[in-house]
Structures are given as C-alpha cells and as structure tokens.
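This report looks at a few helices and residues of one protein model. Please view the sequence and the structure before reading on.

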Amino acid sequence: MKTNRDYVEFTNQFSAHNYHPLPVVITRGKGIWVWDVEGKKYLDMLSGYSALNQGHCHPRIADALKKQAEKLTLTSRAFHNDRMGEFLKKICDLTEYEKALPMNSGAEAVETAIKVARKWGYSKKKVAEDKAEIIVCENNFHGRTTTIVGFSSETQYRAGFGPFAPGFKIIPYDDPETLKKEINQNTVGFMVEPIQGEGGVIVPEDGFLRKCRDICDQKKILLILDEIQTGLGRTGKLFAYQHETTKPDILIMGKALSGGFYPISAIACDDDIMEVIKPGDHGSTFGGNPLASAIGIAALEIIIEEDLAQHAHDLGKWFMDELRKIRSPLIREVRGKGLLVGVVLNEKARPYCEQLMELGILAKETHEMVVRFAPPLIIQKKDLQWSLERISNVLCT
Ligand SMILES: *Cc1c(COP(=O)(O)O)cnc(C)c1O
C-alpha cells in the first residue's frame, strides 16, 4: 500500500513548489470529513479556504454536475447557453443586485471588479485618462495575478514579480479616517474584505463598513467588497456586509459559489455600473459556462435551503465561546465571526497544526501565528465538540 509519504515524494518530483502543504494526502471527502490514502479520517476545518461551505461532495451538487456534464458543458460566450441566465438570476435574487458577471477564479472576479470600477470612473465620474485610482488595505488578500499582488503589502507575494500596475493606494485596514483623507478626484473605488481572512482573520470594529459606505457616498466612489471568503454564509449572514445595514456597489464572490466542485466566481452590481461594460470589453472562455451554471445554482440553493448562514451564526458563537474557555498560555486571542474563526497563538502555529493533524483535525496556519478554524457550515455541534476536545488537548500541552 502506498503511504502519504509516497504520494508526497512522487508529487514533489513533478509539482512546482509553490505551496507548503501539511503532509497528508487526501483521497476521499464526504460532508465535513476527509480520508487520506492510508485510510485515516480527518475533520476538515479549512474547507478549501471556505470553498466547501456546503461540505465535501454534496450529493445535490454532484447530481447537478453529472446531469449537466452529460448534456452540455461549454459553449463559450460566442453563443448563448440555456443555464447561465438562471444562474445569474439566482445570484441577483439573493444579493439584490440587477446584474451579475460570471468568471472562474476569485482573482479573475477581483480583476473584473477593478476593470468595471475603472471604466465607471472614466465614463461616469470623468476621471482623466489613465489616472484612475483604487484604494485598498494593508494586509489585504485579493488573489495572485500580477495586478493584484502589485497592491499586496505582503513582501513575499510581490518579491520578484514586478513591475506592477500603478493606480492603487494602500491604507491601513479598519481606518475610515484615512480612507476619507486619501480619496482625491481620481479615486474611483475602495476595495476591502469585510474580514481579512488570509490576513489572519482580522475583524474590524463594528460600524467600519457603515462608515466606509457613508464616505464612499459622500465622495462618490464605489465601495467594492471582496466577499470571496466571507460570503455565502461563512460569517453567519449570507454576506458579511449584512451584519451592518449597508451594501457595497460591487460585490465580489467566489469559492463557495461552487461548493468546491469547480472554480466559479462572479461580481454583482446594479445596471448603472455594469452598463459601462460593452461587448468585447471583458470575457472568459469558461466564465458562465453551462456546467458551472448548473453547479452554481445547486450550490446557492443548498446555502439557502439548509439555512447555512444561520447555522454558522449559532454554532460559531458557541464555538468561539468554548475556544475562549480553553486556558492555555499559548493562546493570545480568539477572534472571528460565524464559522470563520482565528486562534492567535504566542508562537508559530505550524507545529500545532501538525499536532492537530495527528489527532484527526485538518486546519492550517495563516499569517504564521494564527490557526484558522473554518469547517464546512453543515457541521453539527457534536462534531465541533469533538474538535474542541482535541484542540484543547493540543493547545494545553
Ligand atoms: C481566496 C481569495 C481570493 C482569490 O480567489 P482564487 O479563487 O484563489 O483566485 C480573493 N480574495 C479573497 C478574500 C480570498 O479569500
């Protein structure tokens, strides 16, 4: 029988070494559980960085995928297909926007939002040619394209990949005063994550988004929210911005939009913004294809029908309370919202993730000192209880 180690060594011969994964080789997943090639079972507390909110291999999405795969998978956007309209209507109905534009990876949806915001700036706000500026935050994570890493504040994401696209200004996160000061006549938008997931599960002050909304309104710039990780139930609301009575001008989603089956992303906004995009301005061979649309429809229906946002709200609150009860000199802070939870340690988190793995829990460090716990939203209290015993074990040694 081949071991985890055999697979790791084999794969490393052929794979670019652009990741540093835990040494576990997963071969099967069902719901909140995954199994490695040696038959050991783990609770998945990463959920593909929140792409698996619906759990692994949700039968309803698998079914939609199989049925569509036997019928029609790709037309390209040179022709219409009979599934995309239904998918985009579903997004618009849920988000209460008038239009949606489908892409594949999250980074592509971010790029799409940048293009739409810039073109809106030139055509509606009359910003001088090539002068458009977008304000972003320190410690952001919006993806890995060259434009996007160009406005990252993470040295490693940038080092060796320049030159970068101009037109971005970085301000501190959770700092509305600075946002207000940095907006000028060329600013077209402010792009921000409601909670910085990759940045270490950083939760801003209550009212942050509300203040950003007011500033963007006053200064007539677009509020662009990257909800690729925080959206679709993760934080205890369908979208994290709904914790505050506010709404962005452009909403970016991805990850759980497919329930982990396939890269599907989209932006949503109203017509007065989306109308700046004309035929030929933007596109993607696979964006909005019928297979993706069928998967996306099922993925969204599950989030609504299984009430995953409310479930994340109820369990997340309880889970964080329980984590806060763990008495350990290792733990500096427990923070998060819904089932997006970060346990900040006083040391590097990696060895503790490795110990958790030994005990059957898959979690990954983010930003060195933080262990992120973000299980599929279908998880039950008893399984979280099971995890708490092990988490407590590892952190109390
Ligand atoms: C994961 C993520 C992205 C990038 O998505 P990809 O599908 O990996 O390109 C962008 N923004 C946020 C907030 C993310 O969590």
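Against which elements do the buried residues of α9 pack? They pack against α8 (176–182), β7 (187–192) and β8 (222–226), where a contact is a pair of heavy atoms within 4.5 Å. This is a predicted model, in which local features need pLDDT of at least 70 and side-chain atom pairs count only at pLDDT 80 or more, while totals for chains, interfaces and linings use all residues. Residues are numbered from 1 along each chain as its sequence is written, and side-chain values use heavy atoms, with hydrogens and water left out.

**Helix α9**

Helices (H or I, at least four residues) and strands (E, at least two) are DSSP runs, numbered from the N terminus. Helix α9 covers residues 208–219. Its 12 residues should span 16 Å at 1.5 Å a residue, and the end C-alpha atoms are 16 Å apart, which agrees. The expected span is 1.5 Å times one less than the number of residues. The buried residues of α9 are Phe208, Leu209, Cys212, Arg213, Ile215 and Cys216. Buried means under 20% relative accessible area, exposed over 50%, and partly exposed in between, with a 1.4 Å probe and protein chains only. After α9 comes lysine 220, with a positive phi near 55 degrees.

**Helices α3 and α11**

Two packed helices are described by the angle between their axes and the distance between the axes. For α3 (residues 59–69) and α11 (residues 290–305), the axes come within 9 Å and cross at roughly 160 degrees. Therefore α3 is roughly antiparallel to α11, a term for angles over 145 degrees. Axes are lines fitted to C-alpha atoms, for helices over the stretch in contact, and angles run from 0 to 180 degrees between N-to-C directions. On the α3 side the contact includes Arg60, Ile61 and Ala64, and on the α11 side it includes Pro290, Ala298 and Ala299. The residues of this contact divide into 11 nonpolar, 1 polar and 3 charged. Ala, Val, Leu, Ile, Met, Phe, Trp, Tyr, Cys and Pro count as nonpolar, Asp, Glu, Lys and Arg as charged, and the others, Gly among them, as polar.

**Two single residues**

Alanine 299 lies in α11 and is buried because its relative accessibility is 0%. Leaving aside neighbours within four places in sequence, alanine 299 is in contact with Gln54, Ile61, Ala256, Leu257, Ser258 and Gly259. Glutamate 358 lies in helix α13 (residues 350–358) and counts as exposed, at 54% relative accessibility.

The table gives a C-alpha distance for each.

| Pair | Apart in sequence | C-alpha to C-alpha |
|---|---|---|
| Alanine 299 and alanine 64 | 235 residues | 9.5 Å |
| Glutamate 358 and valine 394 | 36 residues | 10.0 Å |

Note on methods:
Angles under 35 degrees count as roughly parallel, over 145 as roughly antiparallel, 65 to 115 as roughly perpendicular and the rest as oblique.
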